[in-house]
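Grab a pencil and open the viewer: here are some exercises to work through on one protein chain. Try each task before you read its solution.

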Amino acid sequence: MVILEKSKLEDRYKLLQMLQNPTAVVNAHGDVRAANDAFSALLSTNISYEASVFGETFKNCHNVSFHSWVLDQEFGSTKDSRTIVLELDDATQAFSICPFETGSQNVEFLIERCSLCDADIRLQYLLRHLEHGIWDYDVSKEIFNVTNAWKRMRGFNEKDDVNEEDPNWLNDIHPEDREDLQGLFEGQIAGESRKLELQYRRWHRIEKRWVWILCQAGVMQYSSDGKPRHIVGTDTDITELKRVEFELKQLHNKTRLAIAASEMGLFEFDYAKNKVFWDDRMLEIYGVKDRENEREGDYWASRIHPDDLAETLSKTEQVQVGVDLNADYRILRTDGETRYIRSKAQFIPDAGDKGMLIGVNIDVTDDVERSKELEQMREKLVYESRHDSLTGLANRRLLDAKLDEISASMDDNEHVGILSFDLDHFKAANDRFGHAVGDDLLRQAATLLAELCGEKMLVCRLGGDEFVALSGPQKEKPDFADLAATIIRRFSSPFSVGDHYCKIGVSVGSAVVSGKELNKDALLVEADRALYAAKAAGRNCFRELVANKDLETPRHDPKRPASIA
């Protein structure tokens with residue numbers, strides 16, 4: 001077995017460590033002369049400089065058995081990936097396994113021969129197929145060796161000698177990046193640091209634009225005085241990544257601005273740690289003064305109103321099965337104040353069985369209070385539209401709505417009755433004592449009618465001194481004679497209005513309809529006919545309309561005539 005000098009092996013090992021892909025250097029006998037950590041991990045073994053991994057399987061690297069052997073190996077994920085093998089001439093051979101997805105289940109090999117210098121393994125040849133710009137700087141000679149990818153990245157022609165370019169190369173570096181780049185590079189040359197990593201912008205000579213470059217470099221070899229002798233680096237064009245990063249930053253800033261403007265509080269709950277992070281706005285919403293953003297996971301539940309706790313927690317249990325959290329609930333702040341909260345959140349799974357619940361809380365207390373006020377105003381408007389403003393009784397609109405409701409649901413064996421009232425001598429009292437007295441008299445009359453008719457009847461003021469009372473629907477046919485007599489008797493007593501006593505009376509008429517043939521307009525007309533008959537009979541009396549008959553006078557009516565045609 002041919003053993004390379006230890007110093008050369010170490011140089012090549014350092015060189016290979018610069019590569020991210022699994023890479024090894026072997027000789028014609030299949031002996032591994034150097035390998036990076038990625039290659040060692042791929043074979044699940046630690047490779048020393050002199051270890052013979054391939055053994056006697058292929059004495060000649062050009063023999064097809066070499067490729068067959070690699071094909072038969074279990075290289076982890078590379079079994080289902082495409083593999084590039086770089087096979088080198090002379091006594092030193094190198095190959096690199098570079099997996100990337102192709103969708104094929106068979107491993108394919110691209111064999112390419114590359115002649116390298118016997119004294120040095122140059123990184124630019126080993127990675128000639130990569131788009132990374134590779135460079136090697138000889139510190140003592142001040143000479144750069146660069147790959148064509150390095151040149152293309154900056155707009156050079158492949159035949160250009162970068163060492164003959166303008167020595168003022170810093171002029172191509174963005175003004176904001178020159179000082180940092182120059183300082184780090186000079187510091188590495190001086191031996192201040194073994195590795196450096198920097199992002200900077202350089203002017204593209206052909207495309208006339210700034211290119212973002214990620215530079216990663218390390219000292220590969222030191223001279224006898226401890227100073228760096230060779231520095232090797234890789235340059236990567238990250239312009240597209242920086243563009244995406246800038247757009248994400250813009251989106252983040254816009255999101256933060258929108259959140260700040262909306263006064264939403266952000267939270268993140270970690271299921272694995274049972275910890276929750278609240279931003280400052282969340283602490284403000286919940287009235288927390290200690291300014292501790294990270295809290296125990298059950299703290300949030302301790303602040304939910306007891307009446308809302310069970311329902312709210314049941315909703316949070318659904319998020320891990322893909323249901324977003326949308327919940328409105330009340331909280332009890334630390335100062336005892338009740339606030340209304342709207343919570344929206346989404347579950348973000350991790351690689352395991354846990355994950356994060358990320359969402360916002362919005363204090364909607366003001367909106368809820370405004371909604372309550374608007375609802376109260378709406379209810380007030382509805383009430384006022386259906387009630388008489390003077391007496392507080394139902395008006396014609398509410399009466400019509402009630403009759404429509406009854407008509408839609410009335411059965412054949414049900415009955416509906418209506419009483420119609422007209423105050424006798426009201427106009428005379430109103431003209432004599434004035435409208436204020438007249439209004440007070442109407443209010444007292446309305447109160448008395450509502451009291452005598454009871455809660456089961458709907459008492460309405462139709463206008464002026466006209467009132468009605470609706471009864472039913474009910475199974476028994478209503479008999480209004482006794483009620484009408486009571487009302488007439490009570491209205492015969494004088495009403496005390498301020499300093500005045502007003503003596504009025506009331507005429508009463510009624511109509512009854514049975515079955516589904518309810519016609520609200522006809523029913524009111526028939527009740528009015530009965531009322532007019534009562535007024536025609538001398539007022540202060542009661543008449544009712546009976547089916548298949550004309551108007552009938554109750555037997556106890558003192559003004560009952562001998563016959564009514």
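This is a predicted model: local features need pLDDT of at least 70, side-chain atom pairs count only at pLDDT 80 or more; totals for chains, interfaces and linings use all residues.

**Exercise 1. Classify the ring pair of Trp135 and Phe185, and work out which parts of the chain the pair ties together.**

Start with the geometry. The ring centres are 6.4 Å apart, inside the 6.5 Å limit for a pair. Next, look at the planes: they stand at 70 degrees, and over 60 counts as edge-to-face, so that is the label for Trp135 and Phe185.

Now place the two residues. Trp135 belongs to strand β6 (residues 133-138) and Phe185 to helix α6 (residues 178-189), so the pair ties together parts 50 residues apart in sequence.

**Exercise 2. Find what sits over the rings of Trp212 and Tyr299.**

Take Trp212 to begin with: the charged end of Lys242 sits over its ring, 4.4 Å from the centre. For Tyr299, the residue over the face is Arg295, at 4.5 Å from the ring centre.

**Exercise 3. Trace how strand β15 pairs with β14 and with β16.**

Go to β14 (residues 325-332) and β15 (residues 338-349): they run antiparallel and are joined by eight bridges.

Then move on to β16 (residues 355-363), which pairs with β15 in the antiparallel sense over nine bridges. Here Ala345 has Gly359 in β16 as its bridge partner.

**Exercise 4. Is Arg461 buried or exposed, and what does its side chain meet?**

Arg461 is found in strand β18 (residues 458-463). Its relative accessible area is 12%; the cut-off is under 20%, so Arg461 is buried. For polar partners, the side chain of Asp388 makes a polar contact with that of Arg461 at 3.2 Å. The backbone oxygen of Gly464 lies 3.0 Å from a polar atom of the Arg461 side chain. Beyond its neighbours within four places in sequence, Arg461 has contacts including Leu390, Leu442 and Phe467.

**Exercise 5. Which residues touch the most other members of the largest nonpolar core, and which element gives it the largest share?**

This core has 34 residues, and Leu419, Phe421, Leu423, Ile487 and Phe491 touch the most other members. Among the elements giving two or more residues are β17 (415-424), α14 (435-453) and α15 (481-491). The largest share, nine residues, comes from α14.

Zoom in on Phe421: leaving aside neighbours within four places in sequence, its contacts include Leu449, Ile487 and Val508. Apart from this core lies another, of 22 residues, among them Trp278, Tyr299, Ile304 and Ile341.

Methods. Residues are numbered from 1 along each chain as its sequence is written. Side-chain values use heavy atoms; hydrogens and water are left out. Rings of Phe, Tyr and Trp (its six-membered ring) pair if their centres lie within 6.5 Å; planes under 30 degrees apart count as stacked, over 60 as edge-to-face and the rest as tilted. Helices (H or I, at least four residues) and strands (E, at least two) are DSSP runs, numbered from the N terminus. A charge sits over a ring if NZ of Lys or CZ of Arg is within 6 Å of the ring centre and within 35 degrees of the ring normal. Two strands pair if DSSP finds at least two bridges between them. Buried means under 20% relative accessible area, exposed over 50%, partly exposed in between (1.4 Å probe, protein chains only). A polar contact is a pair of N or O atoms within 3.5 Å; within protein, one must be able to donate a hydrogen and the other to accept it, and residues adjacent in sequence count only if both atoms are side-chain atoms. Contact means heavy atoms within 4.5 Å. A nonpolar core is a set of buried Ala, Val, Leu, Ile, Met, Phe, Trp, Tyr and Cys residues joined through side-chain atoms within 4.5 Å.
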